[in-house]
Amino acid sequence: MDPILKVEHLHKNFEDFKALEDVNLSVQKGEVVVIVGPSGCGKSTFLRCLNGLEEIDDGKVILDDKVINPGNANITKERQKIGMVFQSYDLFPHKTILQNVILAPLKVQKRDKEDASKEALELLERVGLSNKKDQYPRQLSGGQKQRVAIVRALIMHPEILLFDEVTAALDPEMVREVLEVVLSLAKEGRTMVIVTHEMAFAKAVADRIIFMDGGRIIEEGKPEEFFEKPKTERAMRFLESFEY
């Protein structure tokens with residue numbers, strides 16, 4: 001079966017700094033790939049390259065046999081297939097929760113407002129937030145705002161979901177409620193690429209673990225292999241700093 005997403009020889013530089021160096025990755029439809037590694041190793045930059053938020057210096061990102069590149073004329077259409085959830089939520093403070101969720105379907109996909117609102121309420125109900133639809137982001141907890149951000153990505157019907165450290169800005173008691181939503185999406189068979197520092201979550205949700213360091217993929221494998229018998233000394237040292 002052909003992969004839904006392919007990354008071929010990806011390079012990304014910030015002036016003299018090599019953020020990503022010859023990164024290659026394939027993701028199958030329905031697969032959950034979790035990327036772990038030390039801070040500054042290129043994980044978040046890699047995600048931003050996947051959906052065209054960062055221009056790449058060399059290589060290709062291919063989704064459904066079409067190249068994703070900020071220079072392409074069809075980048076807006078192609079980017080809709082890749083949903084991304086950031087650690088900072090990025091909700092509009094002056095709009096209600098419902099307005100935040102339906103904004104992109106109305107503006108970008110030109111969907112009918114009644115249809116988009118109906119789906120938005122169904123998705124908010126699913127994450128336990130339908131009763132917050134008329135409130136504003138400032139009235140929600142961090143965990144609630146992150147769940148709204150997930151709903152906002154889902155309503156665009158993406159083929160693949162990217163999660164960039166979605167629990168990093170949350171208090172510990174709010175982390176679980178967000179991770180449970182992501183776990184439920186994994187059980188549905190959603191295709192996801194997840195960057196996280198939550199090792200227990202990574203172990204529970206991943207079909208495959210990717211370990212990055214210095215802008216490169218150092219090691220990859222099944223969760224049980226990576227966490228119990230890492231192949232590289234660098235991965236061993238990284239895992240020694242965690243309890244999971």
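Lys-81 turns out to be buried, with a relative accessible area of 19%; buried means under 20%, exposed means over 50% and partly exposed covers what lies in between (1.4 Å probe, protein chains only). The model is a predicted one, in which local features need pLDDT of at least 70 and side-chain atom pairs count only at pLDDT 80 or more, while totals for chains, interfaces and linings use all residues. Residues are numbered from 1 along each chain as its sequence is written, and side-chain values use heavy atoms, with hydrogens and water left out.

Lys-81 sits in the loop between helix 2 (75-79) and strand 6 (82-85); helices (H or I, at least four residues) and strands (E, at least two) are DSSP runs, numbered from the N terminus. Setting aside neighbours within four places in sequence, Lys-81 is in contact with Leu-63, Asp-64, Lys-66, Pro-158, Glu-159 and Ile-160, contact being heavy atoms within 4.5 Å.

One of those partners, Asp-64, belongs to the loop between strand 4 (58-63) and strand 5 (66-67). Its phi is near 50 degrees, a positive value in a residue other than glycine. Asp-64 has 31% relative accessibility, so it counts as partly exposed. Lys-110 also has a positive phi, near 55 degrees, and is not glycine either. Lys-110 is found in the loop between helix 3 and helix 4 (113-126), and its 65% relative accessibility means that it counts as exposed.

Next comes the helix packing. Helix 3 (residues 97-107) packs against helix 5 (residues 142-154) at an angle of about 30 degrees, and their axes are 8 Å apart. The two helices are therefore roughly parallel to each other, a label for angles under 35 degrees. Ile-97, Asn-100 and Val-101 of helix 3 make the contact with Val-148, Val-151 and Arg-152 of helix 5.

Apart from neighbours within four places in sequence, the contacts of Phe-163 include Leu-47, Val-85, Ile-150, Val-182 and Leu-185.

Terms used: Axes are lines fitted to C-alpha atoms, for helices over the stretch in contact, and angles run from 0 to 180 degrees between N-to-C directions. Angles under 35 degrees count as roughly parallel, over 145 as roughly antiparallel, 65 to 115 as roughly perpendicular and the rest as oblique.
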